[in-house]
Amino acid sequence: MNFFSLCFQSSDYEPSLPVTEKSNPLTRDIDRASPSGIVGMLEACDAQMFQRETGTNYQRLFDDQVVTTLTEVAKRVELILKDPQDSLVVLSGCGTSGRLAFFIASRFNEALKQLNRTLVYSYIIAGGDRALLSSQEAPEDDPELGMLSLQKVCEGKKRVLFIGVSCGLSAPFVAGQLDFCLQHPEVYTPVLLGFNPTHQARDEPIPGCTFTFRSVAQRLQELAQRRKAFLINPAVGPEAISGSSRMKGGSATKIVLEVVLSAAHAAAFSHTPVANDGILQHMREYERAVEMTYQHREGIAALVEAAGRSLQNEGGVCYLGWGPMAFLGLMDASECNPTFGAGERKKRWRGFIRGGYKDLNNNEGPLSSLGPDFCIAHEDFLHQVLPSLTDRDTVLLIYTQSDDLHEVVNLGRKVREKTSNIHAVHHRTDSVEALQQVTFLSFGLNKLCIFDTFWQWELSTKLVLNAVSTGAHILKGKIYRNHMIDLQVTNSKLYRRAARLLQVHKTVAHMILEYTYINQDTLTINRDNNWDKHGPCSVQVVPLALVSLLTGCSLKQVESRLEQRQILRDALEELIP
Ligand code: F1P
């Protein structure tokens, strides 16, 4: 393990920031790296999830205490699986954490359905099902909404294991739910999953509440000693792009929840008692999955390059997925605008799932009436996107050997008639695929074929897609060093992040307030902290404020100067003295 990989653990490395918001020393120059260099840096960052160093202040994934907590939580789930009457396991979170709550609850309910068992999993995502497909970050600030949605899901239940996920130990929505659980211990056992130590949990006052995230986490920590609550919060290292918890935070969430729930299922239905050893072994398999994925570094880099070229040429990127893998595409696509594209007027990154909402099987059913961005079936792709597809666009097919390959080939052919820029991420467990290879080569598909086992497919797909979308936006110039500079400022956490970015450049951070939301020609001040009312704005707020503050130019002047330049990162370097 090299020095840079460990130095974030030193107490004087960006001491005011929690691990999940620190900038990663490994990726300081990611904005200047080649596609292959970018993928190499992401690999090094992901490897930090599994570091086993001891003797530091931080708990790690493989530490005894963490593994023991996972075992205990798995045993609680096992009890519910064996006696599901009036019981529920609720997974809840905001943004990516909520999307994973949905995905994992659906996958494990599906497993129960196949065994003819009572379904015990429910999910909650801040902002409701529309947040599965688009960023709805304002509701993340609302603890009461969190509490009410938990109450609604659990109506009439006598025993609830509540697993609240907030990678940064920061979302008020989840804090409200945990506080509610603490007030009703006769029904609720709370579990908090995140990736900062408790003393780094967010301590900012929440309007209308007597608690902060940190105070709730501390109460949980006390109860954890008596096993009345559980805290799973190993450090997995700073994100490759500072604060982008969709990446490692999301991957570690997926690993932890899957390890816990599959151990519980094995104990309840296959007579394999939950034990630390089994948990450890399963986590090591995930570590291996990450290593195996990055063995395809050059293949992933080729996808990054293709998608980056599309963005540079004002084209788009479409993921066409089959089976559960398709949701990972929808999830990755939904994260691009808030992370990289505050100024985008058109959604350039879209995901599609074979049968649309029928395959998604979400609580609220079809959402297509909300607009074209919510039309997610392959049929919708054929009608809305295919007719205007050109070589400037990139299409990525995502499928496995379990999917109907004739269908994949047919759709691939239709795409190929419009663009040569078609690629595939394909998972398989055996090497006998000569026939397929011939079929695909005949229409010139550039295929990244990942050879792994069934359960590794999903994590591996997530890593590849995260690399493609992050890498492409880096090539488009949306990242400065390793900071998001074109993020949407749509809730209080993102506001703080943006303000900090301005502070980094020694400016008056709070002035960003004045530039936060634009109303036609008049800049409005978001004094009421009501992010919902204002909604995402179509202006590149952070770069605008940054250049204006540093150069003294008016906002109008800066806006037109930024508009003249294609690459934001270069524009900033040029405009800032
Ligand atoms: C939740 C979240 C992230 C998203 C963005 C805003 O974070 O929605 O998933 O990428 O950073 O916050 P958390 O509560 O899991 O830390």
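Mentor: Let us keep in mind that this is a predicted model, and begin with helix α11, which spans residues 325-334 and packs with α17 at an angle of about 30 degrees, the two axes lying 10 Å apart. Angles under 35 degrees count as roughly parallel, and α11 and α17 are therefore roughly parallel to each other. Their crossing is right-handed. On the α11 side the residues that meet the partner helix are Met325, Leu328, Gly329, Met331 and Asp332, while α17 brings Trp457, Glu458, Thr461, Lys462, Leu465, Asn466 and Ser469. Sorted by class, this contact of α11 with α17 holds 5 nonpolar, 4 polar and 3 charged residues.

Helix α17, residues 457-475, also packs with helix α2, residues 35-47, and here the angle is about 130 degrees, with the axes 10 Å apart. The helices α2 and α17 are therefore oblique to each other, and the crossing of this pair is right-handed. From α2 the contact takes Pro35, Ile38, Leu42 and Asp46, and from α17 it takes Leu463, Ala467, Gly471, Ile474 and Leu475. By class, the contact of α2 with α17 is made up of 7 nonpolar residues, 1 polar residue and 1 charged residue. To put the two pairings side by side, α17 is roughly parallel to α11, whereas α17 is oblique to α2.

Note on methods
Residues are numbered from 1 along each chain as its sequence is written. This is a predicted model: local features need pLDDT of at least 70, side-chain atom pairs count only at pLDDT 80 or more; totals for chains, interfaces and linings use all residues. Side-chain values use heavy atoms; hydrogens and water are left out. Axes are lines fitted to C-alpha atoms, for helices over the stretch in contact, and angles run from 0 to 180 degrees between N-to-C directions. Helices (H or I, at least four residues) and strands (E, at least two) are DSSP runs, numbered from the N terminus. Angles under 35 degrees count as roughly parallel, over 145 as roughly antiparallel, 65 to 115 as roughly perpendicular and the rest as oblique. A crossing is left-handed if the near helix is turned anticlockwise from the far one by less than a right angle, and right-handed if clockwise. Contact means heavy atoms within 4.5 Å. Ala, Val, Leu, Ile, Met, Phe, Trp, Tyr, Cys and Pro count as nonpolar, Asp, Glu, Lys and Arg as charged, and the others, Gly among them, as polar.
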